[in-house]
Amino acid sequence: MPIELTAKPILIAGASSGIGAATARACAAAGMPVALAARRLDKLEQVASDCMKHDVPTSVIECDVTDAEACARMVDQAETELGPVYAVFANAGFGQESPLLDMSDADTRAMFETNLFGTLNVVRPAAERMKGHAQGHLLICSSCLGLFPTPWYSIYSATKASQHHIGRALDVELREHNIRCSTVHPVGTKTEFFDEMKAKQGTLTVAGSSESFMQPASAVANAIVRCLRRPRPEVWTSAPARYAMIASGFFPRLAGFAMRKAIAKRLNDQARESSTTA
Ligand code: NDP
């Protein structure tokens with residue numbers, strides 16, 4: 001039997017745009033009260049007004065996931081305003097495209113602070129609350145790259161692999177408390193993710209080639225709602241991508257060859273484009 005989601009509150013950390021905002025709207029449409037957290041309050045208010053159209057209670061919480069105490073307060077506030085939280089989605093994250101040797105220690109640590117430690121800061125207090133309620137569902141936004149160590153995204157892939165490992169382990173460790181944990185593995189998705197990288201870095205080399213094939217954030221959101229109804233360990237929106245990522249682990253030489261060819265082509269295309277515009 002699918003789980004009835006009506007009146008079961010969800011807290012989403014990283015709900016101000018993209019996948020988190022789309023998930024908030026989809027959960028509200030499924031009847032779930034939603035607590036929306038992130039750093040940009042104005043954006044959260046816009047998402048909240050979309051959610052309220054579904055007549056569900058909403059709560060807006062300013063929170064930076066790199067601050068463990070603020071995350072504990074975020075969980076407290078969500079419970080005070082909406083009642084016992086049933087589900088929590090640790091979604092906050094960002095990327096940076098860079099060859100490994102060009103990535104500074106400061107940038108590397110900053111990405112782990114948000115993507116890995118931010119996830120821990122969210123799921124730890126949430127899981128403690130859920131233990132008290134003897135039920136719950138944690139979701140962690142990893143990536144398809146969590147299973148595929150991608151050149152120019154090695155640090156980002158490492159953060160996403162760490163989230164995947166944590167999620168898989170938590171699903172086993174917390175089962176005795178009737179708490180599930182699912183990792184979410186989106187493929188390229190149209191959100192602010194790439195815009196933000198471009199704003200910081202200028203032209204993207206590797207990601208730039210695939211932007212036209214991106215899925216809408218609602219595809220991930222709908223898959224998450226399906227997983228809330230029928231819990232499973234991993235959420236994927238593309239079966240071919242999933243099997244390709246798994247196969248790359250069995251055939252690393254072939255995966256490396258394909259990546260070298262793809263990146264060489266991309267660099268050539270970019271060189272040609274810049275010589276024609278010069
Ligand atoms: P967006 O940039 O649109 O959303 C990122 C969200 O994370 C925003 O709500 C942002 O809110 C929040 N966030 C970032 N840093 C912090 C922080 N320190 N504290 C609190 N919130 C924070 O991108 P996406 O929707 O694409 O990204 C969501 C997740 O999906 C990320 O974990 C990303 O790695 C993952 N992903 C994305 C893919 C894609 O192709 N787009 C593919 C695979 C995975 P604010 O800035 O207001 O704080």
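Is Tyr153 buried or exposed? Tyr153 is buried, since its relative accessible area is 5% and anything under 20% counts that way. Keep in mind that you're looking at a predicted model.

**The Tyr153 and Tyr156 pair**
- Tyr153 and Tyr156 sit with their ring centres 6.3 Å apart.
- Their planes are at 75 degrees, so this pair goes down as edge-to-face, because the label applies to angles over 60 degrees.
- Tyr156 counts as buried too, with 8% relative accessibility.

**The Tyr156 and Phe193 pair**
- Tyr156 also pairs up with Phe193, and this pair is tilted, with 55 degrees between the planes and 5.5 Å from centre to centre.
- This pair ties together distant parts of the chain, as its two residues are 37 residues apart.
- Tyr156 belongs to helix α5 (residues 154-173), while Phe193 belongs to helix α6 (residues 192-201).
- Phe193 is partly exposed, and its relative accessible area comes to 21%.

**A lysine over a ring**
- There's also Lys8, which lies over the face of Tyr86.
- The distance from Lys8 to the ring centre of Tyr86 is 5.4 Å.

Conventions. Residues are numbered from 1 along each chain as its sequence is written. This is a predicted model: local features need pLDDT of at least 70, side-chain atom pairs count only at pLDDT 80 or more; totals for chains, interfaces and linings use all residues. Side-chain values use heavy atoms; hydrogens and water are left out. Rings of Phe, Tyr and Trp (its six-membered ring) pair if their centres lie within 6.5 Å; planes under 30 degrees apart count as stacked, over 60 as edge-to-face and the rest as tilted. Buried means under 20% relative accessible area, exposed over 50%, partly exposed in between (1.4 Å probe, protein chains only). Helices (H or I, at least four residues) and strands (E, at least two) are DSSP runs, numbered from the N terminus. A charge sits over a ring if NZ of Lys or CZ of Arg is within 6 Å of the ring centre and within 35 degrees of the ring normal.
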